[in-house]
Amino acid sequence: MVSDELIGRLGELEAQARQLDPRPDQRRRDGQQALAHAEAFLEALDDAPAYVHRDGRAAGLLEQPIAEQGIGLERALGLLDAHVDHEGITTASGRFGGYIPGGGLFHSALGDFLAAITNRYSGVFFASPGAVRLENQLVRWMAELVGLPEGSAGALSSGGSIANLSAIVAARDAHGIEGERIEKAVIYLTEHTHHCVDKALHLAGLGRIVQRRIAVDGNHRLRAEALCEQIERDRAEGLEPWMVLASAGTTNTGSVDPLEAIASIAGEQGLWFHVDAAYGGFFLLTEAGRQRMRGIERADSVVMDPHKTLFLPYGCGVVLVRDGERLRASHSGQADYLQDTMIAMDEASPADLSPELTRHFRGLRLWLPLQVLGLAPFRAALEEKLLLARYFRQRMIEGGRFEVGPEPDLSVVTFRLPEGDAANQALMNALLDDGRVFLSSTRLDGRYTLRLAAVCHRTHRRDVDEMVDVLHRLAAGS
Ligand SMILES: *Cc1c(COP(=O)(O)O)cnc(C)c1O
């Protein structure tokens with residue numbers, strides 16, 4: 001017999017739990033408030049600094065602990081406005097040109113909202129045929145953009161780091177790099193390879209592998225002859241050349257390694273050819289980018305980051321593997337509690353191609369802007385970034401104050417004051433104090449160097465002009 005007490009308690013709990021599912025009028029109020037918050041942020045963006053430093057560093061947020069009683073949406077949004085939205089780097093700003101900028105497409109944000117509302121289960125085809133078809137359609141589109149053949153496979157990930165990890169694990173298993181062979185296997189990269197590759201090797205159990213940093217040329221691109229020579233030397237020593245990792249392009253300088261030459265060497269030597277195109281990959285949508293990245297279609301695996309050069313908000317990378325079975329072999333798994341999901345198999349399930357099972361339906365944040373806006377404005381924005389980088393470099397040369405790095409392969413330009421490291425460090429500090437524009441620094445050939453990366457979809461000529469002006473004003477010490 002079900003007791004009255006149980007019924008009573010269930011009634012009480014239900015009344016409280018129903019707060020988790022607001023009614024239509026409250027949904028409308030809260031939705032409008034959130035939208036108004038977003039609108040205020042976007043409207044202020046044109047005038048907002050690209051970098052803000054405050055002494056408290058958002059510590060005020062901690063004065064509102066997570067508690068039994070909620071504070072309501074208005075106060076919660078107030079906390080975001082006061083402590084989160086405006087401090088540190090504003091990567092949504094068109095005047096943000098540091099690291100690899102992120103943009104944050106409006107239609108992606110709408111996609112995220114809808115993905116969260118409908119909460120389609122995108123890990124398994126049976127669970128949401130539509131969500132999985134949508135994601136796989138995107139993966140096929142990107143594989144075609146790269147030029148990979150049928151039979152390739154891929155998966156959307158949280159970003160380039162995880163995508164690189166997946167590619168490295170697939171390559172490890174494909175070549176049977178395990179046990180004793182780990183210490184003999186060799187990976188070829190350059191000093192400019194992204195550091196997430198080190199992390200990925202470690203996570204993949206390959207921390208003790210032999211790493212060869214191949215020399216680069218004056219444009220910071222891997223020297224193919226040096227690669228050949230090193231492979232010969234390694235074979236003579238009894239090592240096992242395993243993978244060559246090319247960048248398209250590098251985070252430091254945007255340089256694209258000579259993919260065609262590397263593909264040929266990898267082919268002749270039986271190496272896995274991986275291209276980390278997390279930053280540069282989507283420049284394939286432009287004619288200049290296609291020329292620059294010729295040979296990428298010969299890769300065994302490729303990583304790209306829609307949250308970089310497709311301007312998506314953070315949280316979207318992709319791994320593509322030429323022989324899709326390799327990706328599946330390293331990432332699929334089975335469990336009794338998933339037995340009903342085997343009914344429908346006409347599309348591969350992302351859960352079998354990535355480390356994740358339950359996952360964000362992240363395809364929607366990519367699909368929605370591409371469908372709503374079409375490819376044309378993306379192509380235009382990417383070509384604009386390539387040209388803006390050249391424009392910036394020209395203006396910096398004309399300014400006569402800075403030493404400027406080589407003509408960019410893609411959209412990163414390096415420069416420095418001729419006076420030496422201390423002067424450049426001081427300029428970087430002055431940029432941070434000023435905050436109007438944000439650029440970042442690195443070390444190149446042992447010297448402190450500043451760089452502009454033009455990647456944000458909101459960066460246009462006016463923003464680049466302002467960067468040039470701020471740099472000259474600060475360099476003049478006024
Ligand atoms: C950004 C970047 C990565 C890392 O990707 P995340 O999305 O930051 O995890 C890897 N390689 C290159 C070349 C990058 O620019």
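Contact, as the term is used in this report, means heavy atoms within 4.5 Å. The model is predicted: local features need pLDDT of at least 70, side-chain atom pairs count only at pLDDT 80 or more, and totals for chains, interfaces and linings use all residues. Residues are numbered from 1 along each chain as its sequence is written, and side-chain values use heavy atoms, with hydrogens and water left out.

## Overall architecture

The chain contains 16 helices and 13 strands; these are DSSP runs numbered from the N terminus, with helices (H or I) of at least four residues and strands (E) of at least two. Its radius of gyration is 25 Å, close to the 23 Å that the globule rule gives for 478 residues, so the chain is as compact as a globular protein of that length. That radius is taken over C-alpha atoms, and the rule is 2.2 Å times the number of residues to the power 0.38. Along the principal axes, the C-alpha atoms fill a box of roughly 80 × 60 × 40 Å.

Of the 478 residues, 48% count as buried. Buried means under 20% relative accessible area, exposed means over 50%, and partly exposed lies in between (1.4 Å probe, protein chains only). The chain exposes about 22800 Å², of which carbon and sulfur atoms supply 53%; the areas come from the Shrake-Rupley method with a 1.4 Å probe, and for residues only the protein chains shown count as cover. Among contacts between residues at least 6 apart in sequence, 76% join residues at least 24 apart.

The chain has 50 positive and 66 negative side chains, and the centres of the two sets lie 3 Å apart. Lys and Arg count as positive and Asp and Glu as negative, while His and the chain ends are not counted. Each charge is placed at NZ of Lys, CZ of Arg, CG of Asp or CD of Glu.

## Domains

The domain assignment gives domain 1 (113–373) and domain 2 (376–475), with bounds that come from an automatic or database domain assignment. Taken over C-alpha atoms, the centres of domain 1 and domain 2 are separated by 29 Å. Their contact takes 30 residues from domain 1 and 24 residues from domain 2.

## Selected residues

The table lists the relative accessible area of selected residues.

| Residue | Relative accessible area | Class |
|---|---|---|
| Tyr-99 | 45% | partly exposed |
| Met-142 | 0% | buried |
| Lys-308 | 15% | buried |
| Phe-311 | 2% | buried |
| Met-396 | 0% | buried |
| Arg-443 | 46% | partly exposed |

The contacts given below do not count residues up to four places away in sequence.

Met-142 is found in helix α5 (residues 129–146). Its contacts are Leu-156, Phe-282, Met-304, Pro-306, Val-318, Leu-320 and Leu-366. Leu-320 is 178 residues from Met-142 along the chain, yet their C-alpha atoms are separated by 8.2 Å.

Met-396 belongs to helix α14 (residues 376–399) and touches Phe-402, Val-404, Phe-415, Val-468, Leu-471 and His-472. Between the C-alpha atoms of Met-396 and Pro-377, 19 residues apart along the chain, the separation is 28 Å.

Lys-308 sits in helix α11 (residues 306–309). The residues touched by Lys-308 are Ile-100, Pro-101, Ala-278, Tyr-279 and Val-455.

Arg-443 lies in strand β12 (residues 440–444), where Asn-252, Asp-421 and Tyr-448 are its contacts. Arg-443 and Asn-119 are 324 residues apart in sequence and 44 Å apart in space, C-alpha to C-alpha.

## Backbone geometry

Most residues other than glycine have a negative phi, and most peptide bonds are trans. Tyr-99, in the loop between β2 (88–89) and α4 (106–118), has a positive phi near 45°. Phe-311, in the loop between α11 and β9 (317–321), likewise has a positive phi, near 70°. The peptide bond from Ala-248 to Gly-249 is cis, with omega near -10°; Gly-249 lies in the loop between β6 (240–247) and α9 (259–269).
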